[in-house]
Amino acid sequence: MALPLLRCYSCNRPVSILIRYFTSKSFLANQSRRLAPVSPAVCDARQYSSERGRHEQNQKVVVVGIPNPFIWFRTRIYFFLIRAYFDKEFSIEEFTEGAKQAFSHVSRLLSQCQFEALEGLVAKDLIGKLQEKCAQLPLSHQRALSAESDEIMYTTTGDVGIYYDDNGRKYVSILMRFWYLTSARLPDESVEGARIFQVVIGGEGEKPETKRLLTANYEFQREFTQGVIPDWIITRIEHSKLLD
């Protein structure tokens, strides 16, 4: 049966290495901290706290934004097609949770320049390109690549594609966008557009820590050809103003 509304074209990217969902709860960390009031930025709310003795203070960082209704509607159509024609058990909620954990894990490996550990998680040709780019980054920029799970403020789907190559092999790709906080020290002019937050760890009167809100795009691809291992692999990595 023909599939409606598909973007189908030749796909030449290698997909010999695949990854599974990162859904283990052990990746999640609980840290105590408080963010000073900030201006809205994307679309979510995260609560931080600082506690000293019996004194506890709570404030929320609210990340507000309006998603593009056309993109939102189009991605929902693709999710329906994936469930209807490729994977009846596909869940975007489960996939998003796995993508967040994969993003945190892979970004940490990138910041530490552990490129051999990326094998099995990232496409082979992409690893070589990342190694070249990271070698040119100053240490502060390398640190800024790392995104801890509890520092990911917002995650959304950027785009979804269904592809066929010349041999009839079928692929699905999902581009995920992440907004995350980093305490890496970056010159103000080095990351244009990065929002700055003042973070107080501990009680009142302590020196605030500067946090920046950065963005990253990770594309996950899976081959749905019959007989192929049903895993996902990262085929695209972009950190705004760091790894473009």
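This is a predicted model: local features need pLDDT of at least 70, side-chain atom pairs count only at pLDDT 80 or more; totals for chains, interfaces and linings use all residues.
Local features need pLDDT of at least 70 and side-chain atom pairs count only at pLDDT 80 or more, while totals for chains, interfaces and linings use all residues. Residues are numbered from 1 along each chain as its sequence is written, and side-chain values use heavy atoms, with hydrogens and water left out.

Overview. The protein has 4 helices and 8 strands. Both are DSSP runs numbered from the N terminus: helices are H or I with at least four residues, strands are E with at least two. Their order along the sequence is β-β-β-α-α-α-α-β-β-β-β-β. Of the 244 residues, 47% are buried. Buried means under 20% relative accessible area, exposed means over 50%, and partly exposed lies in between (1.4 Å probe, protein chains only). A contact is a pair of heavy atoms within 4.5 Å. Among contacts with a separation of 6 or more, 69% join residues 24 or more positions apart. The protein exposes about 13200 Å², and carbon and sulfur atoms supply 49% of that area. Accessible areas come from the Shrake-Rupley method with a 1.4 Å probe; for residues, only the protein chains shown count as cover.

Close-up 1. Helix 1 covers residues 69-85. Its 17 residues should span 24 Å at 1.5 Å a residue, and its end C-alpha atoms are 24 Å apart, which agrees. The expected span is 1.5 Å times one less than the number of residues. Thr75, Tyr78, Phe79, Leu81 and Ile82 are buried. The buried residues pack against helix 2 (92-111), strand 4 (152-164) and strand 5 (170-182).

Close-up 2. Rings of Phe, Tyr and Trp (its six-membered ring) pair if their centres lie within 6.5 Å; planes under 30 degrees apart are stacked, over 60 edge-to-face, and the rest tilted. The count comes to 11 aromatic pairs. One of them, Phe103 with Tyr218, is edge-to-face, at 4.9 Å centre to centre and 80° between the planes. This pair links distant parts of the chain: Phe103 lies in helix 2 and Tyr218 in strand 7 (residues 209-223), 115 residues apart. Phe103 is buried, with a relative accessible area of 0%. Tyr218 is buried too, at 0%.

**Close-up 3. An aromatic cluster.** Phe79, Phe86, Phe90, Phe95, Phe220, Phe224 and Trp232 form one cluster. Phe79 is also among the buried residues of helix 1.
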